Amino acid sequence: MNASPVYRALVLTAWVAGVFCALLCGVLAYEHFAAATNDPWKSPQLLALKDKLAAEPKNEAAQKEIRQLDLQFRRQFRRRLALDKTGAWLLAAGVVVLALAAGRAVTLKKPLPLPQPKTGGGEQSVRLASRARWSLAGVGLVIAGSLLVVRLGNTSYLPASQAGWQKLLAPSAAQEAPVEDVPALAEFQANWPRFRGWDGSGVSLSGSNAVAGVLWQSAIPAPGHSSPVVWGDRVFISGGTVARREVFCYNAATGALLWQRPLENVPGSPPKVAEVPEDTGYAASTMATDGRHVYAIFANGDLGAFNFDGTVAWTKYLGPWKNPYGYATSLAVWGSNLLIQLDQGDARPAGSKLLSLQGASGRVLWERDRPVPASWATPIVIEAAGKTQIITLANPWVISYALAGGNELWRAQLLENEVVPSPVLAGGYVLLLSPSTSLMALRPDGAGDVTKTCVVWTNEENVPDISSPVSNGELAFTVTSGGMVTCVGVGDGKKVWEKQLDMEVQASPGLMGGRLFVLGEHGPLAMLQAGRKPDDLGRIALADRFVASPAFAGGHVFLRGMTNLYCLGPAAAKSAKQP
Amino acid sequence: MARHLKFVVALGVMLLLGLMVSAEQRFPPPDFENGYVLPSASTPPARQFWLQYADAGVLLACLAVAVFLLYKKRSRRGLFWLSLFSLAYFGFYRKGCVCVIGSPQNVVYGLFNPQYAVPATVLIFCFAPIVVALFAGRAFCAGVCPQGALQDFMLIKPVSVPLWLEQALGVIPFVFLGAGLICAGTGTGFLICRYDPFVPFFRLSGGLFILAAGAVFLLAGMFVGRPYCRFLCPYGGLLRLASLASKWRVRVTPAVCTQCRLCEKSCPFGAMREPAPAQTNPTGLAAERKRLGWLLVLLPALVLAGAWAGAKLSPAAAQLDPNVALAERYLRQQSHPAQYGLMTPEALSLQRASENPAPILQSAAEARRRYDTACRLFGGWIGLILGVKLIALSLRSSRTDYEPDRGACFACARCFSACPDERVRLGQIL
């Protein structure tokens, strides 16, 4: 039977509408997936331009190119949105035509109903009801099975019992209690509670004795580059290998090893310890103490707090980290806060963070993502512009965060290369080093991006790449790896003097009692007058290799060598004694 | 040719998937300083008060017109145009909100959350179709529901679903209704709205999953009449119950049924029921009574078993609550630390939880208690509907004529024109 012209026309219309819809969907789908895969934000061209700008922050041409490219991407995005909207309406119209034409065509071809008389209605109803009951039971089983799968596939970390809930909720209130049990600022200043002292400046306020020689030396059971921290009569250092990461506590008066404790069974820490570069090792980060607990972090990501008797207070796993030389940033403490700068990766964004933990409990108070790659500088905490600020360094940003809450206060794009030296506060300025490039003084009272406004002065002479500066407030001192000591005025950044020491240096210098201490990698410990003239105040020969920075407490100097821990003081023994 | 037609139509609708997914993307703000100040994000203002009442007025008017067309005019054509109007107004103009289907959630949410006052217009949207159904059956489904109208429009060549399967699948809307009301009552969210497969079409925007679900329903709707309404719509479940007690009911014939069976094939929704004589075999009757007795005993057991199973499901279901989910993620991070991307929602939420976990854990504890009760009720509800449905399927009803099932009939009026008596009444047959 030949189809009628109307039917043929309807079928043709349905085909045309179907093909139209298919083509339109193809275009829209292509646009969608192309947009999803070609994210303009990850455009190699844009990223290259951004890297160029990061390397040359004042490059106006690069800025202009980025703006133009950004505008171009935005225009493309708007065009695509408009195309999507138009396409959606066209598609809707196509579907309407398709449905109408196809529906009409089917109606035209529909055969006329010719129902026959039906018998056996009663039996059929019974059979139907029976089947329906069984199928309903089947539906019930499917529902029960689905719920069972949901239940079995779910893991809950929340407690199942009332007692579990009480236990979980109880510590939250209890955790606040230890906050008040924090030593006074004077206690922090009298000790050496973190890398480069209580404020990270490398300046000791607790002694002015002349240092004459080694009082004692004590063997260190495990390798590491971390510097000693001192609180009262205790000296703490960390060491570790792939097999074991440990904390060691020595008697500051005698050098006796009081206890050593491994950091192990850290929840979440993988059994297979991540490998780190041998030169850096697992214990390059200096510990910190708040006088109640002592904290240690290792390059595999393990963090632990120990009581002064050596028992473990709490542990956390923060790794793994992507760090080309191994994690080496030291811990910082301020009051009851433990601060951890976790910069990592070699591209932005890289997962870098700054964390503030409650020291007593290990509870994370806040956590901030940082737009920087791996760095090795240690943050300092300063009181400036009426705020307690955390100053962090990494390429290319100097960023200040509020200690309370972690909000970013200001940032400046000033740093280049691999940032190792830590900042110090001197004369109201933050002194910092862009490695091998420049020594800068910043005013820490800005807000937002202060790149163009915060720098007070810059000095590009004899800029170190590893060690941090030190200052007595009037003069600042830097030491290069080649042993060149440079003194500049804090107020203007002008060089006052320079002096070449015959030694290689990796440790950061320190100040105690008006003396500048510079520790050679293979000794000696050189002492210079920290004034406008570099008077030589003596040297103490040491037969060890020194990478860690000296710690000062109670008029003594504590040095960590590769094999021994040394205590130097005024009444030097004729020969180093082994406890 | 019909096979080709199906293929073309299926292709066209399946490719609807590509329709609006791109509209979800956003372009980030510039990350360099250029002096431009980004405007602060703002929430769109609420619809003006009088316009909300206008919407309610349109709904009431549409319901009245639907009842008039159904019972007075017996006009399929009128209902078709009314449903097109509803599709345009409640669907594309109002973008599926306020939606009658989701409105029971507002009511339940208001009942369990004293801070939320249910707007009067939402109450009208929720209860007006039910009240109408108590008198005139599912007039709302016939010509006022935009979701139903969209599916009706796409219906091209209906095939019949076996009645035993239809009866079994008919419990799913009640399960969905229970889940939606539980989520609303616990303050988790409006599940029914979130998983409405047609609203993304009305809004020309939506997630890929829900767009795909909508496309599947439309595709299936070309051959299975109103699949969403019959096998998923939770509000349809309520209307089905209300229609069972309706004062008036749709009658195929305006006169006397001649049992010509012409109307049987005209219903694309499988709602037409054939005559069923009363049971005359005493042996069969005894067996049916015995089965009914067992099922009546089974009913409380099913409810209790469902409540027990619901309690076991509670920890998993509670994770629908955002605070419970965050608390779970926070505790998981404590024991199994994971790295999240910079500024990802996971990282930001964990940051928030880490700053002050106590209130989140406290809130999670309260949510878990709520969910424990809610899941017991939900499980018991499933047991109840399964038991009641089994009992209903064990009751024998007797009919002498072909007539629509009161609960299943959408009152679309398609069957009217299939009846010779109706054609006589209209003067189409002399």
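These legends walk through several close-up views of a predicted model, one view at a time.

**Before you start: how to read the views.** Residues are numbered from 1 along each chain as its sequence is written, while chains are lettered from A and ligands numbered from 1 in the order in which they are written. Since the model is predicted, local features need pLDDT of at least 70 and side-chain atom pairs count only at pLDDT 80 or more, whereas totals for chains, interfaces and linings use all residues.

**View 1. Chain A as a whole.** Welcome to chain A, which has six helices and 34 strands. Helices (H or I, at least four residues) and strands (E, at least two) are DSSP runs, numbered from the N terminus. Of the 579 residues in chain A, 45% are buried; a residue is buried if 20 or more other C-beta atoms, placed from the backbone, lie within 10 Å of its own, exposed if 12 or fewer, and partly exposed in between. Two residues are in contact if their C-beta atoms, placed from the backbone, lie within 7 Å. Among the contacts in chain A with a separation of 6 or more, 56% are between residues 24 or more positions apart.

**View 2. A four-stranded sheet in chain A.** Here four strands of chain A form an open sheet in the order S2-S34-S33-S32, with antiparallel pairing. Two strands pair if DSSP finds at least two bridges between them. At the edges are strand S2 (213-219) and strand S32 (551-553) of chain A, each pairing on one side only. From one strand to the next, the twist averages 20 degrees; axes are lines fitted to C-alpha atoms, for helices over the stretch in contact, and angles run from 0 to 180 degrees between N-to-C directions. Look for strand S33 (residues 556-560) of chain A, joined by four bridges to the antiparallel strand S34 (residues 564-569) of chain A. On this pair, A:Phe558 stands opposite A:Cys567 in S34(A).

**View 3. A five-stranded sheet in chain A.** In this view, five strands of chain A form an open sheet in the order S15-S16-S17-S18-S22, and the pairing is mixed. Strand S15 (380-384) and strand S22 (448-449) of chain A each have a single partner strand, so one side of each has no neighbour in the sheet. Strand S16 (residues 387-393) and strand S17 (residues 397-402) of chain A run antiparallel and are joined by five bridges. There you can find A:Leu393 opposite A:Val398 in S17(A).

View 4. Strand S9 (residues 302-307) of chain A is mostly covered, with five of its six residues buried. Strand S8 (residues 293-297) of chain A pairs with S9(A) in the antiparallel sense over five bridges, and A:Ala296 stands opposite A:Gly304 in S9(A). The hairpin of S8(A) and S9(A) has four residues between the strands, and A:Gly301 in this hairpin takes a positive phi near 110 degrees. S9(A) also pairs with strand S10 (residues 312-317) of chain A, in the antiparallel sense over five bridges. In the hairpin of S9(A) and S10(A), four residues lie between the strands, and A:Gly310 in the turn has a positive phi of about 95 degrees.

View 5. Strand S29 (residues 515-519) of chain A pairs with S30(A) in the antiparallel sense over five bridges. The two form a hairpin with five residues between them, where A:Gly523 in the turn has a positive phi of about 80 degrees. S30(A) and strand S31 (residues 536-540) of chain A pair in the antiparallel sense over four bridges, and their hairpin has six residues between the strands. Keep an eye on A:Leu525: this residue stands opposite A:Leu519 of S29(A) and opposite A:Ile540 in S31(A).

**View 6. Helix H9 of chain B.** Now for chain B, where helix H9 (residues 172-185) has 14 residues. Of these 14 residues, 13 are buried, and H9(B) is mostly covered. Just after H9(B), B:Gly187 takes a positive phi of about 80 degrees.

Methods
The expected span of a helix is 1.5 Å times one less than its number of residues.
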